[in-house]
Amino acid sequence: PPAQLRTPQTADPSGAAKTVQATIDRARASLNSINFGVQSDERKKAYNDVKRFIVQAEDAMKQGNFVFGQAVATKAETLARELAGK
């Protein structure tokens with residue numbers, strides 16, 4: 001029979017959950033360093049996009065979809081860092 005493809009994240013769900021959560025936490029930390037009120041409309045939209053990505057990542061984790069959760073959490077972290085100038 002063909003070998004099953006397993007990523008490290010799907011092979012160890014508890015480790016995958018910790019990895020996704022750590023990425024979410026970093027995204028939140030970057031987001032918390034941003035003063036929302038002084039941002040342009042475009043940057044406010046990006047800020048809100050980060051928040052939506054975080055919610056999507058958390059929902060994916062609850063469903064056990066750690067690969068998608070990590071992908072969305074990484075998007076959130078990347079965008080949050082750009083907004084924070086890091």
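Is R52 buried, partly exposed or exposed? R52 is partly exposed, its relative accessible area being 48%, where buried means under 20% relative accessible area, exposed means over 50%, and partly exposed lies in between (1.4 Å probe, protein chains only).

## About the model

This is a predicted model, in which local features need pLDDT of at least 70 and side-chain atom pairs count only at pLDDT 80 or more, while totals for chains, interfaces and linings use all residues. Residues are numbered from 1 along each chain as its sequence is written, and side-chain values use heavy atoms, with hydrogens and water left out.

Side chains of opposite charge can pair when their charged atoms come close. A salt bridge is counted here when a side-chain nitrogen of Lys or Arg lies within 4 Å of a carboxyl oxygen of Asp or Glu, and by this rule the count comes to 5 salt bridges.

One of them joins R52 to D49, with the closest N and O atoms 2.4 Å apart. Both residues lie in helix α3, 3 residues apart, which is about one turn of the helix; helices (H or I, at least four residues) and strands (E, at least two) are DSSP runs, numbered from the N terminus. While R52 is partly exposed, D49 counts as buried because its relative accessibility is 17%.

In helix α4, which covers residues 66–84, E77 and R81 are 4 residues apart, again about one turn of the helix. Salt bridges that share partners join R26, E77 and R81 into one network. Between E77 and R81 the closest N and O atoms are 3.0 Å apart, and E77 counts as buried at 9% relative accessibility, whereas R81, at 37%, counts as partly exposed.

E58 forms a salt bridge with R28, and their closest N and O atoms are 2.6 Å apart. Because E58 lies in helix α3 (residues 41–62) and R28 in helix α2 (residues 13–32), this pair ties together parts that are 30 residues apart in sequence. E58 counts as partly exposed at 23% relative accessibility, and R28 also counts as partly exposed, at 33%.

## The aromatic pair

A search of the whole structure finds 1 aromatic pair. Its members are F36 and Y47, whose arrangement is tilted, with 4.8 Å centre to centre and 55° between the planes. F36 lies in the loop between α2 and α3 and Y47 in helix α3, so the pair ties together parts that are 11 residues apart in sequence.

Rings of Phe, Tyr and Trp (its six-membered ring) pair if their centres lie within 6.5 Å, and planes under 30 degrees apart count as stacked, over 60 as edge-to-face and the rest as tilted. F36 is partly exposed, with a relative accessible area of 31%, whereas Y47 is buried at 12%.
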